[in-house]
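Biologist: Can you walk me through the aromatic rings in this one? I'd like to keep it quick.

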Amino acid sequence: MTEKINDKKTEFFGGSSRVEKAHRDAMAAILLRRMASRAPARHSWGIRKFQQGKNPSTYRQEKAMNHVELENRVRARDARSANKSDPFVGMEAIFLGTSGSMPTSFRNATSFVVRLEKGSLMFDCGEGTINQLIKCVRLTAADITKVFISHLHGDHCFGLPGLVAASEHVRFDRISAKQDTSIPPIEIYGPRGMAAYFERLQDIGASKFFPQVMFHEMEDPMFPIEQIEMKEKTKEHIKTIKPDHDGIYHVCETDDYTVKAVLMPHKKYMRTFGYVVEEKIKPRMNVEALKKEGLPPSPIYDHVRAGKIITLPNGKKIDGKKYMFPADPGRKIAVVYDTTDSSPIIDIAKNSDLMVHESSFDSKLSKLAREKGHSTSLEAAKCARLSGAKALALTHFSPRYTFLQSSNKHSHIVGIETMVEEAKEELGSNNVVAAADFMSIPIVRRPRKNVDGKLDLDDTTHLNRQ
């Protein structure tokens, strides 16, 4: 009665979204039996609703869709609880919303988070994102330090006011309780016009978004926005970011990571930003070799780290560069939303550990995707293949799709897993997954290298969790 959900995971994803399959199937079967018998139950309203004013053919189709929706809810619930106890590996991809254009009963509007050791980075913030944060067992609103907006369509930014307000409540509560008051202001990066949007909200409502927000606005040379009248107080909270001669926006940089962005086509009147987050790895010294040279740990190690020529007490000169390990590769995640052509991001997304790419439609609807300004699963996989991404996560699905494959019995249902299979074939790898709300994917560190450039086989920081 119930189609089995494909629960096979690739080696890359390991246990990132492991579920209790037996428990899930049992729960789905119980709920479906209740619906079929019309017994008083939480989901029985759905069948009664479908029965009202529907002809038999339409009723059977909608009833079948309701069965699928029920399994989707069970699967989303188990995905949320399954990763509660998973260990944190230093970088993690967490999906808070995976629906495109509008939320559904089992997918929220678009939002994606890169969780790091020091703070978390949010990419897009559709409506209802704060509710997803409340439900998420891996994050809280206070963890979000920076938000990156791809473009100013509502399903990608209408959740910002709620997020900022919730963060301010956390700040106020900690100040009242005389706890940690060092929560930094939320920094919002994205297209020009965000600060004006918040100013209008503040003028017509009672919320006070300033001074707990700092805006970093990136201008699009192709679609310049006319001068927006804003208060001087608002302008104090705006910084402008311009692209370099290659069209790359160097959005932000800390001691731990860098974020870059490029513009990609979306609508005739708007382009969208694609982002790449890359971890910064500090270089390591070959301390044992320095000790053999008679140079114990001391402030002179700073000169070694800088690659300078050093004269030892015995008169011998050594080149600091020769005592530094080759730079370790940092982990990298590319995020692509709402575009008809993601090729501009390929260069800066080279060798990403994970590419998160919108997949609004399957390949059969490529013409519709072009008209709507979106990508298909095949186009997402092509971008991942050309950039050398090690894994691909499809997201931003049109509400017309479901989790399950279509079947002979319910041929009108088009499955998201069909899109996954298309992407696997194009990418030439099984490291493709359809993102679901609350799914988390650990980004494990790659193996380090020795001085001679060979992999350090004794280093286990790159091993995936099981």
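This is a predicted model: local features need pLDDT of at least 70, side-chain atom pairs count only at pLDDT 80 or more; totals for chains, interfaces and linings use all residues.

Biologist: Where in the chain do Phe 123 and Tyr 275 sit?

Modeller: Phe 123 is in strand E3 (residues 120-125) and Tyr 275 is in strand E10 (residues 270-279). The pair links distant parts of the chain, 152 residues apart.

Biologist: Is Phe 123 buried or exposed? And what about Tyr 275?

Modeller: Phe 123 counts as buried, at 1% relative accessibility. Tyr 275 is buried too, with a relative accessible area of 2%.

Biologist: OK, next pair. What do Tyr 197 and Phe 198 form?

Modeller: Tyr 197 and Phe 198 make an edge-to-face pair, 5.7 Å centre to centre with 85° between the planes. Tyr 197 is partly exposed at 29% relative accessible area, whereas Phe 198 is buried at 0%.

Biologist: Why does Tyr 197 count as partly exposed?

Modeller: Because its 29% falls between the cut-offs: buried is under 20% and exposed is over 50%.

Biologist: Which residues form the aromatic cluster?

Modeller: Phe 95, Phe 112, Phe 123, Phe 148, Tyr 189, Tyr 249, Phe 273 and Tyr 275 form one cluster.

Biologist: Switching to charges, what sits over the ring of Phe 88?

Modeller: That's the charged end of Arg 115, 4.0 Å from the ring centre of Phe 88.

Key. Residues are numbered from 1 along each chain as its sequence is written. Side-chain values use heavy atoms; hydrogens and water are left out. Helices (H or I, at least four residues) and strands (E, at least two) are DSSP runs, numbered from the N terminus. Buried means under 20% relative accessible area, exposed over 50%, partly exposed in between (1.4 Å probe, protein chains only). Rings of Phe, Tyr and Trp (its six-membered ring) pair if their centres lie within 6.5 Å; planes under 30 degrees apart count as stacked, over 60 as edge-to-face and the rest as tilted. A charge sits over a ring if NZ of Lys or CZ of Arg is within 6 Å of the ring centre and within 35 degrees of the ring normal.
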